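Biologist: Please show me the model, and then I will ask how some of its descriptions were reached.

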Amino acid sequence: MDQTTQEAQTDFRGRRPRVPGEEAYLEVTDLQVRFPTADGVVQAVDGLTYSLPLGRTLAIVGESGSGKSVSSMAVMGLHDRKSTFMSGSIKIGGREIIGMSEQELNTVRGVEAAMIFQDPQSSMHPYFTVGDQIMESYRQHNKVSKKAAKTRAVEMLDRVGIPNPQRRVDQYPHEFSGGMRQRAMIAMALVNDPKLLIADEPTTALDVTVQAQILDLIADLQRDFGSAVVFITHDLGVVAEIADDILVMYAGNAVEHGPVEKILGTPLHPYAWGLLESIPAVSGTPGPLHPIPGAPPSLLAMPSGCAFHPRCEFRERVPGDMCRTLRPELIARTADTGRASRCHLKDPDRVFETEVLPRLP
Amino acid sequence: MTPSVKGVRKVEGAPLLELDDVKMHFSIKGDGLLSRGAKKVQAVDGVSFTLKEGETLGLVGESGCGKSTTARLITRLLEPTGGQIRFQGVDIAHMKERQLRPYRREIQLIFQDPYSSLNPRHTVGTIIGTALRTHDMVPKTGELKRVQELLEMVGLNPEHYNRYPHEFSGGQRQRIGIARALAARPKVIVADEPVSALDVSIQAQVMNLLENLRSELGIAFVFIAHDLGVVRHFCDRVAVMYLGRVVEEGGRDALYQQPHHPYTQALLSAVPDIGVVRGVPPKTRIRLQGDVPSPVDPPSGCRFRTRCWKAQDICATQDPALFDTAPTLHTACHFAEPPAESIVAAVN
Amino acid sequence: MLLYFLRRAASAISVIFATLVASYALFLLAPTDPVGTICGPKCTPDRAADISAALHLEDPALQQIGVYLKGIVAGREYEIGGTVRECDAPCLGYSFALGRPVTELIADALPVTLSIVLGGAVVYFSVGVLVGTLAARHRGTTLDRVAVGSSLTINSVPYFIVVLLVALYATNVVLPAAQYTSLLENPLAWASGLLAAWITLGLTNAASYTRYSRASMIESLGQDYVRTARSKGISERRVVYRHGVRAGLTPVVTIVGLDIAYQLTNTLFTESIFGLPGLGRLTLNAFNTYDLPVLLGSVLVGSTVLVTMNLIIDILYTFLDPRVRLA
């Protein structure tokens, strides 16, 4: 009985559950992002598809070069048009972002969708006060006086837990500590109540105790604002703390997608297995690590077939050299249709149970 | 036992490396006429620990706790402003460069950033060869052979000795840095965040390499990292630093499972843990308020008291010293006690 | 903050003082023959004696410098050929060759030089920054290539050749003849007489400034905070001209300050070729006639200008970049 009441109030992490919206607010379909360079075309994102309703947090996980940041920058329309080829579709609240004029984009950015970045030190302008930078965003999208905007800025600083907001609002970013700067960034992003928040490694540059504060803050704000959050990170521990869903990216594409407890609990893609086996945990019995051999492929020359096959220890299990010749689709691999992975293995759930799980700490 | 290297006097029975009340106070340029030299950054303030042959000691803590400064003191890239650093019983804290040379060979440093710590204009062979020559490790004729041996030892293709650092990936560059450190056949390697710039899958490869080298060559490590999981994986003993001091030190299991210092408890509880999805009960969250105070003007008494939920009057007046709190565990806290049940449950 | 300024000002004054002592020693205390040099080829024993007495050359070195310093602070008198010449404070010496106090000569010449240099600075700063910013914003386009190409071309021609060409071909044809009229007297004549000099000085330097500001703007536009600004949905124009320019131009302002200081003491070519009676020409003439007091005076004024400009830049910087406040 105790158990059930407990579950009604908090989820497996002890956080209050959120009520997700029905319809997708962010819809990415077959997104391609390519950068032509002197050495050839960099295929940064290659056919990415996902959707996200309001009130839910999606963690995009991957290593450098996986396309997790590039795809999210594309959602915000932040790539330089002249040096980027994009195709596919990105819809925010039903509006198509790809091909949208710069002017029209500015009615989405900062209002409908906002972004916070990894390094709060370099992401805030050093020459303007924190208040100025928050007010600028507010006044761009609301016809209000300077005074009203400042009141709003103070209110936002207070909301994100900055003590003495009246005084802090007139200070410069360098007068803030790292954690406080990231709070200020969040205040700036949320000043117009955006429905979509993209957080690109927002805690990577922070110390662990400060990271915990910021994760709490983001989870808290999301519940209050009911927004959709895309949380980009390479840290599976952070994902376990904050996400509802995970999208695991490798070499420009999703290899696994589904609810967090499923994907981290019983992943079905060998790359996800490799990641889990590479992380030294702070709990459990310390054991040897089983790293994925080799290095991620060059985006200039992607492997044929499954992009992960050159590093995959299970490729021999798939008959007919399929991993090398045929690119698998992102589809449901088991009876569970709420999740999908991109792999040719016939029985990934059994392989995980019998071979991978025993090796995990 | 390896024969004593020329120049290094060995005192029998002494631990390999001992830090005794080591201090590093940097003067910051004051406002000239009025306050010159008045302000000091107490980057490291009274750190003591010992390292036995073949042992690995982890130093953990948040930015500004003095762990990297400690690394640079041990390798004598900095001269401490106080205390002793004894290598095999000999104090090297204030040695002049000439006397220091044989010790420099014995204590090698691996850097965090594999990009900036290798000279981009030199081939890998030159980089490692220079390390060999600096310490007169092999005759000129054997140099190439030794370079190739070292490359192979760190898992690189020995034929790639004539390539430049930019031709390697981040993980491979870190391997080059490790090969360079190994060239001197050191007894101690100080590794300052050696894997934190690397991607998860590459990080695990480099960790395994370091572990193999440790068990094969018997090298002792001072392993500095902010990632508590990485430190737990690699180290026999762990010291937790806060604002220039060691606040808790002990055997790996004791420290991770029964931390007695409130800061260690808070630090461990703040680490996001993937275990929750596999049924590990969620940890009791201890959320520290605010930020680490400035090392220019640290709090009186216990330095952690300004963020500590247990702080009482005594904490402001009396500086707690490390004392035995559990088997192999030493804690510097007036109110040291085992962690609450839920934390223990989560980490076991 | 105030303490910082006071300290900087004190160090500036000590630099000027050191220059004064060093140049005084170089010109008048060195074991050369200052009296003979100043007196010139048509020297008479009487005149030589006058000069020696007026300069206190018989006195000990320290006392000489003391007299000179006192003259700067309180003014002094020179007795030449039996008549007494007043030299009001700040007295920088007396030109025996021209028969006037050095301060007066410099006071006549300085406005000319200031007009040329500051006017030129307005031209090169605004043209350079504008073109540089445009080139940075449209990097890789034809506009950018033309801007960088012409900038390099202009800079590869020696400055005196540019001045000569303008003086020979452009003045009187396209541009009004170069001459100096006081700004207070007739602003229009002032501007038209200096136009040729401004354009010459302005365009050659604008070439360098185009490249400085282009490089600085490219760096600034690549910063994370510019990306943040874009993510806020503000217009591209505002992103570039508010966020980018603010950070991109701060280093350029420093260069302008140093360049102005440098040009104030190096307008020889411009002034000589256009025939404008500025500081450069005064110094050049003094050099030709061995007029040591005038040379000493211009060295002092020059070093004061340099030191002051440096001080101004430092102070300006604390306003431009909040991070260096308080230092």
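Predicted model: local features only at pLDDT ≥ 70, side-chain atom pairs only at ≥ 80, totals over all residues.

Modeller: The model scores ipTM 0.87 and pTM 0.85.

Biologist: What is the confidence in chain C, and where is it lowest and highest?

Modeller: Chain C has an average pLDDT of 86, and 98% of its residues score at least 70. Within chain C, helix α2 (residues 34–39) has the lowest confidence, with a mean of 77, while helix α9 (residues 224–231) has the highest, at 94.

Biologist: Why is α5(C) called oblique to α12(C)?

Modeller: Helix α5 (residues 102–137) of chain C packs against helix α12 (residues 279–288) of chain C at an angle of about 135°, and the axes are 7 Å apart. Roughly perpendicular ends at 115 and roughly antiparallel needs over 145, so α5(C) is oblique to α12(C).

Biologist: Which residues meet there?

Modeller: From α5(C) come C:Leu105, C:Ile106, C:Ala109, C:Leu110 and C:Thr113, and from α12(C) come C:Leu279, C:Gly280 and C:Leu282. By class, this contact of α5(C) with α12(C) has six nonpolar, two polar and no charged residues. Gly counts as polar, so C:Gly280 in α12(C) is placed in that class.

Biologist: How many residues does each chain give to the contact of chain A with chain B, and what supplies the side of chain A?

Modeller: Chain A gives 40 residues and chain B gives 39 residues. On the side of chain A that touches chain B, α9 (208–225), α10 (236–242), α11 (260–265) and α12 (270–278) each supply at least two residues. The largest share, seven residues, comes from α9(A). By class, that side of chain A has 19 nonpolar, 14 polar and seven charged residues.

Key:
Residues numbered from 1 in each chain as written. Chains lettered and ligands numbered in written order. Axes fitted to C-alpha atoms, helices over the stretch in contact; angles between N-to-C directions. Helix = DSSP H or I, 4+ residues; strand = E, 2+ residues; numbered from the N terminus. Parallel < 35°, antiparallel > 145°, perpendicular 65-115°, else oblique. Contact = placed C-beta atoms within 7 Å. pLDDT = per-residue confidence, 0-100.
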